[in-house]
Structure formats: C-alpha cells, structure tokens
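Here is a short report for a first look at this structure. Keep the sequence and the 3D view at hand while reading.

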Amino acid sequence: MEQCLAEITLDKKKRLALGKVLGANRVTSFEVYETPEGYLLKPKVSISAHELWVFENLQAKQSLAKGLSQDAKHDLGSFAKDAKD
C-alpha cells in the first residue's frame, strides 16, 4: 500500500533533497523508473567490494545466514574487567 511520506520541491537545478524523508535510512542510491502513473524511485544500498564475496559465495552466504538466525545459547557474562580505558 502506498503512503505519501512528504512532498518535496525541486531546487533551481532540478534536484530533490531526500534527506528529511530518508532520515537514518542507509539508502545510497536509487533506480529511477518511468511508469504510466509517473516516476518511481527504488532505493538501493551499496556494499564494499571487500564484502561482495559473501554474496557471491553460496556456501558462505548460507553459513552466515545460519549463524545470524541462531539464538545465543551461552551467557558470556560481562567483559567489563577486560575493558581498557
């Protein structure tokens, strides 16, 4: 369901400032589509080339997903005694 978040005005150079709409969102770019209803912006995020291998390696991706889905089973306690000021 579509929801209007804000009305944004073009500046003198025909640019849109989306910062207020996006807030703390991590969007770094948009794909722009022209539809019969108007223009559609699809948000995108970028990752560093250093991290791209995880998405290209199916075994690594599955292993990462499995690890992230597992609940923490051990209470490791406090690490305060190991903290250095």
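In which segment does Leu-16 lie? Leu-16 sits in the segment before α1, the helix of residues 19-22. The model is predicted.

Leu-16 is partly exposed. Its relative accessible area is 44%, and partly exposed covers the range between under 20% for buried and over 50% for exposed.

Leu-16 also belongs to a nonpolar patch on the surface.

Next come the strands. β1 and β2 run antiparallel, and 7 bridges join them. The two strands form a hairpin, with 2 residues between them. Across the pair, Glu-34 stands opposite Tyr-39 in β2.

| Strand | Residues |
|---|---|
| β1 | 29-35 |
| β2 | 38-44 |

What about open space? The largest pocket holds about 850 Å³. It is lined by 19 residues, and the closest to its centre are Gln-3, Ala-6, Tyr-39, Leu-40 and Leu-41. Three elements, α1, β1 and β2, each give two or more residues to this lining. Which element gives the most to the lining of the largest pocket? That is β2, with 4 residues.

Terms used:
Residues numbered from 1 in each chain as written. Predicted model: local features only at pLDDT ≥ 70, side-chain atom pairs only at ≥ 80, totals over all residues. Heavy atoms only, no water. Patch = residues over 30% accessible without salt bridge, like charges linked within 9 Å, V, L, I, M, F, W, Y side chains within 5 Å. Areas by Shrake-Rupley, 256 points an atom, 1.4 Å probe, with all protein chains shown as cover. Salt bridge = Lys/Arg side-chain N within 4 Å of Asp/Glu carboxyl O. Buried < 20%, exposed > 50% of the residue type's maximum accessible area, 1.4 Å probe, protein only. Pairing = 2+ DSSP bridges. 1 Å grid on protein atoms, 1.4 Å probe; cavity = no way out; pocket = protein on both sides within 12 Å on 5 of 7 lines; lining within 4 Å. Points joined across faces, edges and corners; volume = space filled by probe spheres on them.
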